[in-house]
Amino acid sequence: SWIARIGVVLVQLSALAFAAQGLLPLDPNDADSHASRLHVMTWMLWWIAFVPGALLLAAGARRGAGFTLASVAIGALVPIIAVLAPIGLWVGIAQRLAFALWFGWWLLAAWQFSRI
């Protein structure tokens, strides 16, 4: 369906934004530099594109209730953990947990769509 196609495009954009973060250094001593701003922009694009993409793909893919519930849960948890949880000592742990959830969703999606 077209809903699933839009979801696939958004999660692929999320993957490209995640990869772009590695190409753009984030300098905490110079947060106003061009590279740091681009890094932050791609970080925001990573989770902002993932959330509606995962939800649209779950709604349009018709891969069962398990995939739909997992996509909704992970789509809700990624921005909460990536944006709201990184406070104080939890900064590194929260971001890594959000990345792990995101990678886990990709593994789940690959497994669901490899079955015919």
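This is a guided tour of a predicted model, to be followed in a viewer.

Residue numbers start from 1 in each chain, in the order in which the sequence is written. Because the model is predicted, local features need pLDDT of at least 70 and side-chain atom pairs count only at pLDDT 80 or more, while totals for chains, interfaces and linings use all residues; side-chain values use heavy atoms, with hydrogens and water left out.

**Whole chain**

Begin with the chain in cartoon view. It has four helices and zero strands, in the order α-α-α-α from the N terminus. Helices (H or I, at least four residues) and strands (E, at least two) are DSSP runs, numbered from the N terminus. Along the principal axes, the C-alpha atoms fill a box of roughly 50 × 25 × 20 Å. Of the 116 residues, 33% are buried; buried means under 20% relative accessible area, exposed over 50%, and partly exposed in between (1.4 Å probe, protein chains only).

Switch to a surface. Its accessible area is about 7000 Å², and 74% of that belongs to carbon and sulfur atoms. Accessible areas come from the Shrake-Rupley method with a 1.4 Å probe, and for residues only the protein chains shown count as cover.

Select α2, residues 34-61. Its 28 residues should span 40 Å at 1.5 Å a residue, and its end C-alpha atoms are 39 Å apart, which agrees. The expected span is 1.5 Å times one less than the number of residues. Next, select Arg62, which follows α2 and has a positive phi, near 55°.

Now show side chains for Trp46, Phe50, Leu57, Phe67, Ile74, Val78 and Trp105, the residues with the most contacts inside the largest nonpolar core, a set of 21 residues. Each of α1, α2, α3 (65-84) and α4 (91-114) supplies at least two residues of this core, and the largest share, seven residues, comes from α2. A nonpolar core is a set of buried Ala, Val, Leu, Ile, Met, Phe, Trp, Tyr and Cys residues joined through side-chain atoms within 4.5 Å. In soluble globular proteins, nonpolar side chains tend to be buried together.

Centre on Phe50. Leaving aside residues up to four places away in sequence, Phe50 touches Val11, Ser14, Leu45, Ile74, Gly75, Val78, Trp102 and Trp105. A contact here means heavy atoms within 4.5 Å.

**Helix α4**

Select α4 next. Its 24 residues reach 35 Å from first C-alpha to last, close to the 34 Å expected at 1.5 Å a residue. Colour its buried residues: Ala94, Ala98, Leu101, Trp102, Trp105, Ala109 and Gln112. They pack against α1, α2 and α3.

**The surface**

Go to Leu26, in the loop between α1 (2-23) and α2. Leu26 is partly exposed, at 48% relative accessible area.

Select Leu23, in helix α1. Leu23 counts as exposed, at 70% relative accessibility.

Last, select Asp32 and Arg37, whose side chains meet in a salt bridge (3.9 Å, N to O). The structure holds one salt bridge, defined as a side-chain nitrogen of Lys or Arg within 4 Å of a carboxyl oxygen of Asp or Glu. Asp32 is exposed at 59% relative accessible area, and Arg37 is exposed at 52%.
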